[in-house]
Every structure is written in structure tokens, then in C-alpha cells.
Amino acid sequence: MTAEERFEAFEKAKANLPDRAPRPEGELELLEKVWAKPRGWRVLTVVNNDYVGSWYVGAALLFFVLAGILALLIRLQLAMPLNEFMGQETYNQVFTMHGTIMMFLFAVPAVEAAGVLLLPQMFAARDLPFPRLSAFAFWAYLIGGLVFFTSLFWGVAPDGGWFMYPPHTSYVFSPDSNQDWWLLGIGFIEISAIAGAIEIVVGTLKTRSPGMTLDKLPVFGWAMLVFAAMIIVGFPAVILSTILLELERAFHWPFFIAGQGGDPLLWQHLFWFFGHPEVYIIFLPAAGLMSMIIPVVARTSLVGYRLVVFALIATGFIAFGVWAHHMFATGIPDISVSFFSAASMAVSIPAGVQVFAWIGTLMAAKKIEFNVPALFSIGAIVIFVIGGLTGVMVAMVPFDWQAHDSYFVVAHLHYVLIGGMVFPLFAAIYYWTPMVSVNALSEKRGKWAFWLMFAGMNLTFMIMHWTGMMGMPRRVYTYLPEQGLGTVNLIATVGAFVFAAGIAIVMLDLIQKFRFGEPPAGNVYGGGTLEWLPQGDYAARSMPVVDSLEPLWDHPELAEESDKGQWFLPDSPTGRRETIVTSPVYAVPQYMVTIPGPSEWHLFAAIGTAGFFLALTVKLLSLAAVFAILAVYSVWRWMWELEGEPGPDIAIGGGMKIPRYVSGPMNHGVWAAWVLVTVLGMIFACSIFAWFFLWGRQPGFWPPAGLLPPTTDGLLASGALYLASGFAVWRATASLPAKGESAVRYALWQGGALVLLAAAFAVELISRWHISPSANAYGAMVYLYSFLNGEVIAMLAIYAAFNIAAFWKGRMDRERRVGQECLQILWLFLVAQALIGFVIVGGFKVLA
Amino acid sequence: MRAQDDKLTPWVAMLGPPTLWFVHFGFVYASASLEMVFTERATLLSRLVIAGGTLLFLAVIGWLGWKAPRFAPVAGKVREFWIGVTRITAAVSAIAVVYQAMPALLV
């Protein structure tokens, strides 16, 4: 069926809906049975997004409380000069863990959790397309995060600050395992963030309610789309930098050691290329939540929807051009810092557009209902604007030189993050709890909580602008009585406890009131978007066609029609979990995707992954191998159950029929493979930056005198073998036989491709065998390219073995070919990566 | 008519201006840095390269904004939305490109 024919069929189907004929008997019961959640201990195997999303938010709040307790300990230490509440070593660990947990284990997972919880409901989809991936991300994060936190109790917690600058954090000055625990904790969040981003990009573009064109996408959907894209572009920088630091710490590859041709500033560039966009990665989804809540409390549509979409997109891009404003004091040249200063000031324009859209919406209201979500939203605007204004101040280089590393910066970042993320999240918790819980939260307690948090926050952090201007440096465990800062610090400490009291009220209310169950409390605040359709385990009973941004305000009857099954997909036609995959712009139904149900395998995969990295951190290599086998086996079993089965087209309502299996560029799995390729490509791009950066710092050192680069013959031979393996995998895909036909050609091509790949990698290593990776930065960089190739090769080998096994068991053939298509995409990426790496390494040889 | 739904063209056109804004940022930063590797300071050469490159970037961004209707999805309200967002983004990207090239003239 062509795109034209699909569109025409969809138009006809829309005209036939809602279908008011009575639904067949037993249909709803089957739907309920198919989507039912396991009970007892098997509840751990649940993949339904309402449970996983709620657990995910709950876990993020747990880490928020834990890191908040650490903040209180910090404030107790600073309450008076020369305090001896805790020693310097402990203080370093506590403030490092506070920052790391808040940024990595609370803020990013919390907004990602909000996406998992809310997006399918906002799209009236049954679920996102990869629910086990979301559940895996959650479990890996929870297990890894908790173990990471316990490092505090053993006194081995990281103590290098949340941005972990080498050379202090490298093996020379930090030989103990403390910093390895940081790298471990970050590893988990990297895995779960990338997994979540893949889910959100594909889910937002491919599983919306039929007819929900992009101009009717809820703003939160746009925000999450930009958020996920930013993770895909930004996280690879921190993935690479953590790989580099671990390679330096474990094997002494000197990427950051100046005496051996490395440069500690390389870490800062890579870390902040991720680290500043990270602020927007946190802020944009929260802004998306605000843009959903404010129109409801103002009872009017969001002012400037298009402008807000523009602001989200623009922020997403320019956020990547401001990283060096964290490095103004490092001595980089004036003209370079001026570029970053200009970009940093420019980014306030889209942020300002968002804020004015919210203020405009509130001003357009006839009457604002000052409920708890409204209070937290308005409080967020006030706090965020203050943080934004001090942001423009520190974007100016001369001012930044004065305020750098002082409490002024601490005040600025807390205003931005609390106003830009914490308050919107609390507004969202109040607003959306009734969607999944049988009870709404208490308005009365919520108002108490808001005023305590608002007052406490300002009491704590407003003062820090002043203490910073008076020269109080951040990250120092005490100060002298003569500095005259004792009273104001005591006030800040009191403020922190007032803030904490507000949070405690919300937590107690959540513990007392939040209960899963049927029916949920529902639309208590009167929202107009699709998540407020009546819900069961299967999400909305049927998927309505929407014609506005607040469909339930414009067509209140939609709720009843959807619940009676009068719109698309009111049933479970294949008797399995499924949802409709739609086209990215017009949301025209394309095919039916089978969604995996509850399983223990993603849970075991998470345990295996967590165990593997933990065992490596404590250097128990045999145990690490056992966990690695568990992880690979579990992922294998998990994937084994995934592929849908071809069969006759399926009726989805209104007379429209769609296929139950498609391969090629329309398939959601192929999309996910492309997203993964983008992530891998960005890691590689960051490694190219690292190469040129280190060369640029010491041009005469590249390679150092007396060291020969990799051999030309070796590079050429290895390149030819990589190309040949790419050709072989392409032939393997093309020669997939139909069901029942001979498999010899496929097996030969695919097996040959693997052999060629192994040979290519072996020759690549031989070409650089005379170079030592630990002698100097040049050698380390040369081997880094091989390390990156080797990682992808290991993944491809497992994947190819899986495909051959799937083929053997009759689970793959010419028609069911998505697994092989994804393998081919990743394989061809590897060939390109290897060849570009050879050109760079060999090209420098020619120049030399 | 709807075949564009499966194409990348509308996305490239909408995301083109902010992408160029970001790429231009990399361009000005890299131009100055590269010259400093060899000469230790950014001389007239890199500043002229930045000025010339900036004009080129502006031309492409302007063209994408002007031609927005040509690349937008072809029908429905989403077309109007697409053109609107593309043009706002192009306008702001153009201003930002000029703004962030200014240090090459002033510093």
C-alpha cells in the first residue's frame, strides 16, 4: 500500500467514526486480559507504562530525598565558621554525591520517567513501542543508583566534585577507587538515558493517536522530542569522556596528563559539551510540563504555541554552543571566550519566549484557580527568571571572572534548577497523580508544602548571591570567623530546613495517598488533553481522532465515545499486546506493532548489567564475566520474543485495514537502529574532536619525535577487509531466503562477513602494534579508535550470532527481516567509522 | 500528495536554520582556534574567513526561510504551522549568526 492509498483509506475511515454500533461481546474482556498486570512477586516483571513510569518517578524522588539529606548535612557543616560537624574528606564526598545524584540520578531520570508515564496516555496509544526497554532502563538505573549511593557508607564515595576534573581525579592524585564509583554511577545513567531517548523519539514520532498531526502534538511531546534529541547528541560526549578517564585510570592511557601530551582541558571541553546542554535536557521537559499545566489553571489555550515550539527547537540547538562558558577562567583566548559569551547570552532569548508565553497565558485567563499545580507553576516562573537573569550576568566574561567558583554560582545554578525543574516537577506530581492513583493529593497540605518550599528556597539561596560576592568559595568545607559570614550562613541553613520541611509534607502525602487501582481519581483539575480519557490497564479503550490541542475541552463527548470503543483499535485483534504505528507528520496509520508483555528477562538483563559494572569497579573479574554472561543471555531471551508475525491485514475501525508486519524504513525497529547509529556516530565525532584538540595543543608532538604512526600497508589492508565485510553483510541481507528455501547462501555471506570483520580488526591492531597506548597521548588516541571499533564489533558479533540462530529456528526469513536490516545498518556504520578513523590517523602521517 | 510524510525534506528545511546557527558557531570557534594553533593569535586572516563564512551562512538561512512553503508538508493546518515555525526559527537564527560573529570584529 502506498502512502497515498493509506491516506485515502484513513480519510474514509475517519468519516465512518465514531462507530456507534454495539461492540462484540467478550471484546473488552479480551483486551483487559491481554493487558492485565501480573500480581504477587511477578509484579516486578510488569512493563505497562503507568506502573513503570510511576515507579520511575518514585525512584527519582527517592534519590531526590537522599541527595536532599546530603544537602542538609552540607548546610549543617556550613552553619557556623570552623564547624567540626564533619571533616574535610567527608565533606568532599558529601557535596560530590549531592551534585552527582541530583543531576544524574534525580533530574534526568525524573523527566525521562515523566515521558514514559505521560506520553503514551497523551497520544492515546496503548504503550510506547519498546516497553521492555523502558523497564530495563528503570531497573538498571535503580539497582545501579542504590549501589552507587552505598559507596558513601564505606567511605569510598567519589570526592572530585560532580564534574570530576582531571588531573585531580586521575590515577596520579586519586589512586583509590572513589572516582571509579562516580564513573560507575554515570555509566548507569548513560545506559538508561540513551535507552529512554530511543523510546521517546520513536514513540513520539511513530505511535500517536491516528490523525494527531504535529501541529496538534501536546507541547510536552515537542519538549520530550527535543529532550531525547539532545540526549542523543549530548550524552555521547560524556560517554566518551568517562571512557577516556576510565582508560586513563585503569590502564594509564594519558589523555589528560600534560607531561605525556594529554591535556586536562580536553575533559572540560567534552564534559561541558554534555554538561551545559544537560541543564536544558532537564529544563525543557519541565518547561513542557508547565506548558501543559498553565493553560489548565488559566482555563485557556497556551499563548503562542508556535513560538513555544520554536523556543524548544532553538534551545535544543544553541545549548550546544555554550559549553565553554563554564571555562571562562581557564585561560582560553579572548576571542574564543567572546564567541561563547555571545552564544550564552543568545540562549536567553528562547528561554525568555517560553516564560513570556506562560505569563501571557496567565494574563489571558479570566480567572486563575490558585490550586497547588498553579502555585508551583507560578513559583517556578519567579525562581527561574531570577536564575535566568543571574545567568546572563555570569555569561559576561568580566563578571564571571569575579564570580567564578564562588557561592554566587551556587546560587545561580540552584535558582535555575529548582525554578526550571524541581518546582515544575512538583506541579506535575500534583497535577498528574490522579491519572494513575485512586486518590488525588491533598490541596491543603500541598499549599503548605509550596509556601515552605518557596520561602525556604529563597531564604537559602538568595543569600548565597551575597556570600559569593563577598568572596566565599564553593566546595570548601569551612570558613573563618573573621570573614563575617557566620550569621548569613546560619540563615541559609535554617532556610534549607524550611525547604526540606515542605518536601517532607509532599512525600508524606504521597506515601499516604498514592495508590494504584481502578478507577483512578481522574481529571480533577479539568485538563483537556487525551491522558484524561478514561483509562484501564490497556490505557484508553479506543484512539480518537483529534482536531485541536485540547480535544476534551472542544469535544467533551470524546471521553465517552473512546470508552465505549467507538474509535480506532477498540479491541485486541491478534490477541496480543499491540498499538498502531502512525506516520511522523500526519499520523496516518501504517501498520500494527506487536508490543512485548511482562517478562523477567529485561529484569535479569538489568541485574547482569549492574553486576558486571559493579564487579569491574571492585576488580572482581571472574564475577564480572559471570554477570556479563547473564546480561547477554537475558538480552538474547528478551529479543527472542520480540518480532511480530506477518499475516492477513488487520481491521482497526472505520473499515480501515493495516498490515501486521512491515520491514524497511517504516519499521519502528529500523528507526531505533538509526537513533543508535546517531549515538555511536556522536561518540566517534567527539573522539575526532579529541584528536584535533590534543594535536592543536602540542602540534609538534603529533606523533612525538621518534614514534612512527600506524603502518600504511596495515591501514590499507584493514580498510579493505572492513569494506569487504560490509559488502558481505549487504549480500547476506539481500540473499535472505523465503520460508522453507535453502539457507546456504545467507549463512555463507553472513558467516563470511563475521570472519572478514575479525580479520579487519586483527590487521588494524597489527598496524599499530609498535605503538604503546600508555606511553603518550598520541598512542592513546590511536588505540582509542581501535577501542571504539572493538566495542561495536563485539556488539555486532553477538547480534549476528543471534540472527543466525533466529534464522535457524525459522524466526527470520525474507519477509521477517527487520533484525537483519538493523544489523546491516549498524554494520555499515562500523565500516564508515573504521575507514574515517584510518583516514584521520593515516592523513596525519601524510601531513607529517 | 502525502508522500512527503515519509520524507526527510520537511524536517531538513525546518531544522536547517537552527542547525546552521549551531554549525556557524562551530565554524567561528574552529576558524579562530585553528589559526591560533599556528600563529598563537587570531589575525586578520581568520577574521576575514569568519566574515565571509557568516555571509554565506546568512544567505542559506535566508533562502531556507524564504522557501519554507516549498519544503513544508503539502496540506492541512500542519503546513501553516510548519511554515510559521520555520520562518520564526530562520529569522532568529539569522540574527544570532550575526550576533555571534561580532566578536571577530570587536575583540
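Trp272(A), leaving aside its neighbours within four places in sequence, is in contact with Trp323(A), Ala324(A), His326(A) and Met327(A). The model is a predicted one, and in it Trp272(A) sits in helix α8 of chain A, which runs over residues 264–298. Trp272(A) counts as buried because 22 other C-beta atoms lie within 10 Å, where 20 or more are needed for that label.

- Trp272(A) and Trp182(A) are 90 residues apart in sequence, and their C-alpha atoms are 17 Å apart in space.
- Phe627(A) belongs to helix α20 of chain A, residues 621–640, and is buried because 20 other C-beta atoms lie within 10 Å, the cut-off for burial being 20 or more.
- Once neighbours within four places in sequence are left aside, the contacts of Phe627(A) are Gly608(A), Gly611(A), Phe612(A) and Ala615(A).
- Between Phe627(A) and Gly259(A), which are 368 residues apart along the chain, the C-alpha separation is 38 Å.

**Helix α10 of chain A**

- Helix α10(A) has 13 residues and reaches 18 Å from its first C-alpha to its last, which is close to the 18 Å expected at 1.5 Å a residue.
- Because ten of its 13 residues are buried, α10(A) is largely enclosed by the rest of the structure.

**Contact between chains A and B**

- The contact draws 33 residues from chain A and 34 residues from chain B.
- On the side of chain A that touches chain B, helices α1 (3–15), α9 (305–318) and α10 (334–346) each supply at least two residues.
- The residues on that side of chain A divide into 23 nonpolar, six polar and four charged.

**Annotated spans of chain B**

- The unreviewed UniProt entry places the feature "transmembrane region" at residues 20–38, 45–66 and 81–102 of chain B.
- In the model, residues 45–66 of chain B are 100% helix and 0% strand, with the end C-alpha atoms 32 Å apart.
- Residues 81–102 of chain B are likewise 100% helix and 0% strand, and 32 Å separate the end C-alpha atoms of this span.

**Domains and annotation of chain A**

- The domain assignment of chain A gives domain 1, made up of residues 62–123 + 154–186 + 212–250 + 265–513, and domain 2, residues 699–847.
- The centres of domain 1 and domain 2 of chain A, taken over C-alpha atoms, are 41 Å apart.
- An unreviewed UniProt entry carries the annotation "domain: Cytochrome oxidase subunit I profile" over residues 29–559 of chain A; in the model this span is 67% helix and 1% strand, and its end C-alpha atoms lie 20 Å apart.

**A hairpin in chain A**

- Strands β5 (residues 650–653) and β6 (residues 656–658) of chain A pair in the antiparallel sense over three bridges, and Gly653(A) stands opposite Met656(A) in β6(A).
- β5(A) and β6(A) form a hairpin with two residues between them, and in the turn Gly654(A) has a positive phi of about 70 degrees.

Conventions
Residues numbered from 1 in each chain as written. Chains lettered and ligands numbered in written order. Predicted model: local features only at pLDDT ≥ 70, side-chain atom pairs only at ≥ 80, totals over all residues. Contact = placed C-beta atoms within 7 Å. Helix = DSSP H or I, 4+ residues; strand = E, 2+ residues; numbered from the N terminus. Nonpolar A, V, L, I, M, F, W, Y, C, P; charged D, E, K, R; others polar. Pairing = 2+ DSSP bridges. UniProt positions renumbered as here; feature names shortened; annotations may be inferred. Domains from an automatic or database assignment. Buried ≥ 20, exposed ≤ 12 C-beta atoms within 10 Å, placed from the backbone. Expected span 1.5 Å × (residues − 1).
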